[in-house]
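Hello,

Here is the structure I promised to pass on. Please open it first, then read the notes below.

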Amino acid sequence: MITTLKHIVESFIQQPVLERALEQVVTDVKVAMKTQCCSIYFADHEQQDYQLMATDGLAREAVGHIRVGFSQGLVSLVGQREEPVNIANAPSHPRFLVAPEAKEDAYNAFLGAPIIHQRKVLGVISVQQSESRHFDEDEVAFLVTLAAQLASVIAHAKIRDLLEKPTVTQQHNHKYLRGVPGSSGIAIGQAYVHKPVINFESVLQKKHHNLDKELTKLDLALAHTQEQLSKLSDKVGMLLPSDASAIFDVYKHLLNDPVFIERIQSEIKSGWSVATALKTVVEETVEEFEQIDDEYIKERITDVKDVCQRLLVNLLAKDIARRKPPREMILVAEEVTASLLVELSGQKIKGICSRLGSSNSHATILARAFGIPAVMGLVNLPVNTLDGHELVLDGYSGQIHITPDESVVKEYQRLANEEEELAATVQQTAELEAETIDGTQIDLFINTGLSADLDCAKDILTSGIGLYRTEIPFMVRDRFPTENEQVALYQSVLNAYPHQSVTMRTLDVGGDKPLPYFPIEEDNPFLGWRGIRLTLDHPEIQLVQIRAMLRANMATQNLSILLPMVTSVAEVQEAKRLIHQAHSELSEELGTKVPWPKIGVMIEVPATIYQIEQLSKLVDYFSIGTNDLTQYLLAVDRNNARVAGLYDYYHPGVIQALLAIVRQCQQAKKPVTVCGEMAGEPIGLILLLAMGYRQFSMSAHNLLKAKWILRNISIQDTLDMLEDIEALSCPKQIKDFMFIRLEKVGLGGFVRAGK
Ligand code: PEP
Ligand code: MG
């Protein structure tokens, strides 16, 4: 059964024209189920009816003509019930509708299954037979399984089809897709689809006649590609601080990898042309990596493909004229890579849409550093048909609108304008204190990972750095940074705020944050070996990092160390033991007492909420990672576009947990900061203020907005709002309510723009 299903779905996908694909499916299903008729109907939610789209068994002329209203006939009954309907004698059923043009008099048995994608009924697939009988359990299971598998491919094909057809009306063409928010902001513009001038699919199996010539071609292409990458690396170095250009070192090292080069050479030596040899090695390498179901390796595949693609172009298509990218664009690609972004950085990239990639891909990290709104992981993105289409990209929610209605464009344009105006308004607070109307002092800190963030915040008065994500400089390299490299890196961060506190988190890799050079294979990485679990198992990594932090802190003495993904007291005891060890070894080596840092724990695993009292005996402060805390409290993967709608900081469960945490921290007399994205969202900030939080750390882009809000609200206002929302039970109600209340105090614009 699995093979038949797979075969049917694959032949659907391979057929580029939707009508033909549907015709193919109905015939395949009719044959596979040994029945006499199979038909597919699509729901038209505007017309409120189902339209016959393909049939093998009813009159072909009826296709496109038969339409049955949402409350008529058996097909609609399937859609209404959202479950299979199995009837032995359909003509005697009260919902049976006679449609003479269908010529279905010969059939008695009817089985229909709904085709549902993201909770919406897209259509119905039915089979019919003259023999009056109920379809058996296996047949029902087959049709239901097939309908479920077809749902997403039909949804994808429908979008592709709409885009390929000449516009009927704007209204009918508007589609939206949901991906993963990569970088916040709104972009409106025309799609520019980046496609390589030549790809590996077009490389044929060819033998060569001259070994030396072929090996020379390889050497030249390698050298040329190296040169290109160096230029890109220099370019990114000019655009962003030096730590970002480390991304290109990864590419350069791959190109220098002797094993990789020897594999290509050996293929050439066995007679294959250089392009064929390269294709074989890339395919083998990618296949080897793909066997390993692991996020870390997947990121590596992107690097390999990207570098080899460049190599191929340099081998075969150096002189082929490339399509000139437009001056302004929303960049669309199968996979937007870091190198592509830098290459196009001369143009105005208004936004980024990528079918592959996650919120932690290299390209996403760069997009955030460049301040370009991005949506990644758009699995149903019809890349090849998007060129030139108008797009609206919402980097806050991770949605894109394709050929949007005028009203959608207008609404987003208004939001974008408001954002611009707000940016100008909030700029006035740059040098002012963060305090509420009633004079309550608040600490606003910066979240950073690349020093570009610090550049962005350099003219803003803040309390320092509340979260330095040390994994980011680790992620953009191709090996662990040495102790000295780390010292230099940390010194630059500590020196940026020499008189204020700088919180450095120990390496928080694992989960969705891959280190390409430290692969981990896990079925469930978010519940696996990440954060402190990994570094405690590798004290050699942890100790080097702590030594580097302590050494970097000698002059400024403003370091706080933060431990991520803590689940139990024992982990903190062990981490402290390592900090003590590094501290005493270093003091001995340097012959002086090394300053002792503050030590804190992140509250992001729900279990820690119940251990604050014990933990507070071991540490100086707490910091709440609302991104992970929300993920774990709600059991929703923060990077999975399918469940993105369920991931919500305003879930009453999350709000109650945050209330419990602040009360316990107050009881334990320990400072607590909120460093997840929630603190940078206007509603989040206000609710957290009301709960009693007074320290927040957020991305540099949100700092000014947050300061403006603080300076325009009183604690009493926030308390009133919290009291009212405690009675509400769903996140949407809470957000809608807060919007109305904020409008009343003149802060409504902030919420709409950041929604
Ligand atoms: C968090 O989980 O909220 C957090 C700040 O850490 P990260 O987003 O880096 O996991
Ligand atoms: Mg976290």
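K670 sits in the loop between α22 (652–667) and β21 (672–674). This is a predicted model, so please read every value below as computed from it. Leaving out residues up to four places away in sequence, K670 touches S616, V619, D620, F622 and C665. The side chain of K670 reaches the backbone oxygen of S616 at 3.4 Å. For a sense of scale, take K670 and H156. They are 514 residues apart along the chain, and their C-alpha atoms are separated by 51 Å.

Next, ligand 1. Which residues come nearest to ligand 1? Of the 13 residues around it, they are R469, R505, G625, N627 and R638. By class, the shell has three nonpolar, four polar and six charged residues.

The backbone takes part here. A backbone N or O atom of G625 lies 3.3 Å from an oxygen atom of ligand 1. For T626, a polar backbone atom is 3.1 Å from a ligand oxygen. For N627, the distance from a polar backbone atom to an oxygen atom of ligand 1 is 2.7 Å. Taken alone, ligand 1 exposes 290 Å², and the protein buries 99% of that. Two or more residues of the shell come from each of β16 (464–469) and α21 (626–634). Helix α21 gives the most, with three residues.

Now the metal. Ligand 2 is a magnesium ion, and its protein donors are E604 (OE) and D628 (OD), lying 2.1 to 2.2 Å from the ion. E604 is in the loop between β19 (598–603) and α20 (612–616), while D628 is in helix α21, so the pair ties together parts that are 24 residues apart in sequence.

T462 lies in the loop between α14 (451–456) and β16. Why does T462 count as buried? Its relative accessibility is 8%, and the cut-off for buried is under 20%. T462 touches L444, I446, Y497, Q500 and L703, again not counting residues up to four places away in sequence.

L559 is another buried residue, with a relative accessible area of 4%. L559 lies in strand β18 (residues 559–563). Not counting residues up to four places away in sequence, the contacts of L559 are L494, V502, M504, M549, L550, N553, P597 and K598. L559 and E287 are 272 residues apart along the chain, and 45 Å separates their C-alpha atoms.

Last, helix α3 (residues 73–81). How many of its nine residues are buried? Seven are, and the helix is mostly covered. The buried ones are G73, L74, V75, S76, L77, V78 and G79. What do they pack against? The answer is a set of strands: β1 (37–44), β2 (49–56), β3 (67–69), β4 (85–87), β5 (109–117) and β6 (120–129). Just after α3, E82 takes a positive phi of about 55 degrees.

If you want a place to start, go to α21. Helix α21 holds D628, a donor of the magnesium ion. Helix α21 also gives three residues to the shell around ligand 1.

Best wishes

Technical notes:
Residues are numbered from 1 along each chain as its sequence is written. Chains are lettered from A and ligands numbered from 1 in the order in which they are written. This is a predicted model: local features need pLDDT of at least 70, side-chain atom pairs count only at pLDDT 80 or more; totals for chains, interfaces and linings use all residues. Side-chain values use heavy atoms; hydrogens and water are left out. A residue is near a molecule or strand if one of its heavy atoms lies within 4 Å of it. A polar contact is a pair of N or O atoms within 3.5 Å; within protein, one must be able to donate a hydrogen and the other to accept it, and residues adjacent in sequence count only if both atoms are side-chain atoms. Accessible areas come from the Shrake-Rupley method with a 1.4 Å probe; for residues, only the protein chains shown count as cover. Helices (H or I, at least four residues) and strands (E, at least two) are DSSP runs, numbered from the N terminus. Ala, Val, Leu, Ile, Met, Phe, Trp, Tyr, Cys and Pro count as nonpolar, Asp, Glu, Lys and Arg as charged, and the others, Gly among them, as polar. Buried means under 20% relative accessible area, exposed over 50%, partly exposed in between (1.4 Å probe, protein chains only). Contact means heavy atoms within 4.5 Å. Donors are N, O and S atoms within 2.8 Å of the metal (3.2 Å for Na, K and Ca); water is not among the atoms, so sites may look incomplete.
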